[in-house]
Amino acid sequence: MLAVLRQRVYRRLFVAQVVALVGTGLATVALGLLAYDLAGADAGSVLGTALAIKMVACVVIAPAVGAVADRVPRRALMVTADLVRAGIAVSLPFVGAVWQVYVLVFLLQSASAAFTPTFQAVVPEVLPEERDYTRALSMSRLAYDLESLLSPAFAAVLLSVITYNWLFTGTVVGFLASAALVVSTALPARAAASVPRTGGLYARATAGTRLFLGVPALRALLALNLAVAAAGAMVTVNSVVYVREVLGLSAGAVPLALGAYGAGSMVVALVLPRVLDRVRDRAVMLWGALSPAVVFAGLGVVTAARGGSWRLPALLVLWAAFGAASSAVLTPAGRLIRRSVPPGERTAAFAAQFSLSHGCWLLTYPLAGWLGAAAGLDRAVLALGSIALGAALLAVRLWPADPAADPQPAAEPRPVAEPRPVAEPTPRAHAAHAAHTAHAHAARVRPLTR
């Protein structure tokens with residue numbers, strides 16, 4: 001898998017992604033502590049609102065970026081997004097009111113909604129071979145999972161020697177380093193759109209969504225996103241409730257539960273490149289979408305149980321299974337988009353995927369939290385499990401089983417080789433060429449003999 005890092009352009013882009021993720025992870029920890037300083041016991045509601053604002057920014061801004069991305073140099077767009085994120089991170093330590101947190105979170109996520117789809121659209125052009133691109137997708141999945149596992153631990157180590165405000169400095173450094181790496185990278189020339197996009201901003205912003213609706217496999221991907229969001233929301237929102245309230249454990253067990261989810265995702269990301277060499281994307285992704293229904297059934301058993309030391313190991317296994325299922329859907333999603341749309345339309349398509357998938361999270365996050373708090377975890381498990389199963393069955397129906405209906409790899413633009421200089425023939429070469437030509441002509445006209 002690491003062989004793709006030998007490609008210099010991709011290596012720089014991947015490192016840029018990693019350092020930006022580390023910066024984002026540090027900012028997440030620092031924002032939680034900042035919210036507590038500003039709101040005290042109401043910090044949870046502040047973070048919940050900030051999370052909802054983050055999702056709204058993803059849903060709204062990504063399509064708008066897709067509408068103008070083909071008119072802006074991609075490197076300039078990504079660097080500008082990194083510089084904006086760094087500038088916002090600089091401002092966060094000076095926040096004195098909750099509403100200012102909301103505004104800065106919206107701006108921060110808007111810049112991320114510009115950077116991420118553009119980055120995702122560039123990678124398949126940098127790695128035109130599908131085998132290499134598949135391994136790059138797995139590495140990207142691993143980077144996200146490792147960030148979710150290691151950033152809190154790294155932040156905890158830093159907080160032992162500095163105050164949380166200094167964590168924002170790490171965020172700034174991460175985004176500036178990402179911008180520097182992108183600046184130093186020569187990106188491939190942008191592929192021309194197969195059909196020029198015309199019309200107003202709305203028509204251009206919805207072009208990626210129309211691409212999704214026009215391809216059966218991408219319509220299925222919308223349903224797959226919803227199934228993944230139902231499982232992920234239960235883990236993200238209710239892990240602390242299960243650990244503290246249902247199992248009666250200390251806060252130190254919460255990272256253990258979240259780590260199980262990340263571990264499941266990482267294991268699948270590591271093995272997927274070999275699996276996808278032999279198994280169709282459809283089989284892998286539909287398995288990833290259908291399995292959460294079974295996991296939700298097991299979670300219902302843990303939720304209903306009133307005691308037993310077996311519940312913690314069971315919860316860790318269930319969380320790992322959720323992570324594995326999510327990775328089985330999300331890791332090959334880039335391959336599916338790459339195959340389904342022409343190279344010139346990929347930024348719009350990845351922007352649509354970014355927006356629509358976050359729209360699913362915008363639905364399931366509050367449902368997991370509010371329903372769990374108002375009606376109980378058992379009702380939340382039933383509701384989210386039903387959503388996951390319904391979305392998975394819809395994906396099965398939308399994605400034909402016929403292999404001929406699967407999108408095939410699109411032809412990638414290749415750099416044109418420079419013509420090699422040809423030396424002028426010498427007089428001796430002229431004579432040799434003339435003799436060879438005469439001999440060949442005589443051979444063609446000589447009658448056949450036995």
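A surface patch is built from residues with over 30% relative accessible area and no salt bridge, where like charges are joined within 9 Å and nonpolar side chains (Val, Leu, Ile, Met, Phe, Trp, Tyr) within 5 Å; a salt bridge is a side-chain nitrogen of Lys or Arg within 4 Å of a carboxyl oxygen of Asp or Glu. The model is predicted, so that local features need pLDDT of at least 70 and side-chain atom pairs count only at pLDDT 80 or more, while totals for chains, interfaces and linings use all residues. Residues are numbered from 1 along each chain as its sequence is written, and side-chain values use heavy atoms, with hydrogens and water left out.

V267, L270, V271, V275 and V279 form a nonpolar surface patch with about 370 Å² of accessible area together, as computed by the Shrake-Rupley method with a 1.4 Å probe, only the protein chains shown counting as cover for residues. V271 is partly exposed, at a relative accessible area of 43%, given that buried means under 20%, exposed over 50% and partly exposed in between.

Two helices (DSSP runs of H or I, at least four residues, numbered from the N terminus) are listed here.

| Helix | Residues |
|---|---|
| α9 | 216-246 |
| α10 | 254-276 |

V271 lies in α10. Helix α9 bends by about 60° at N238, the bend being the angle between axes fitted to the seven residues ending there and the seven starting there, and is followed by G248, whose phi is positive, near 65°.

Of the 450 residues of the protein, 47% count as buried.

Methods. Buried means under 20% relative accessible area, exposed over 50%, partly exposed in between (1.4 Å probe, protein chains only). The expected span of a helix is 1.5 Å times one less than its number of residues.
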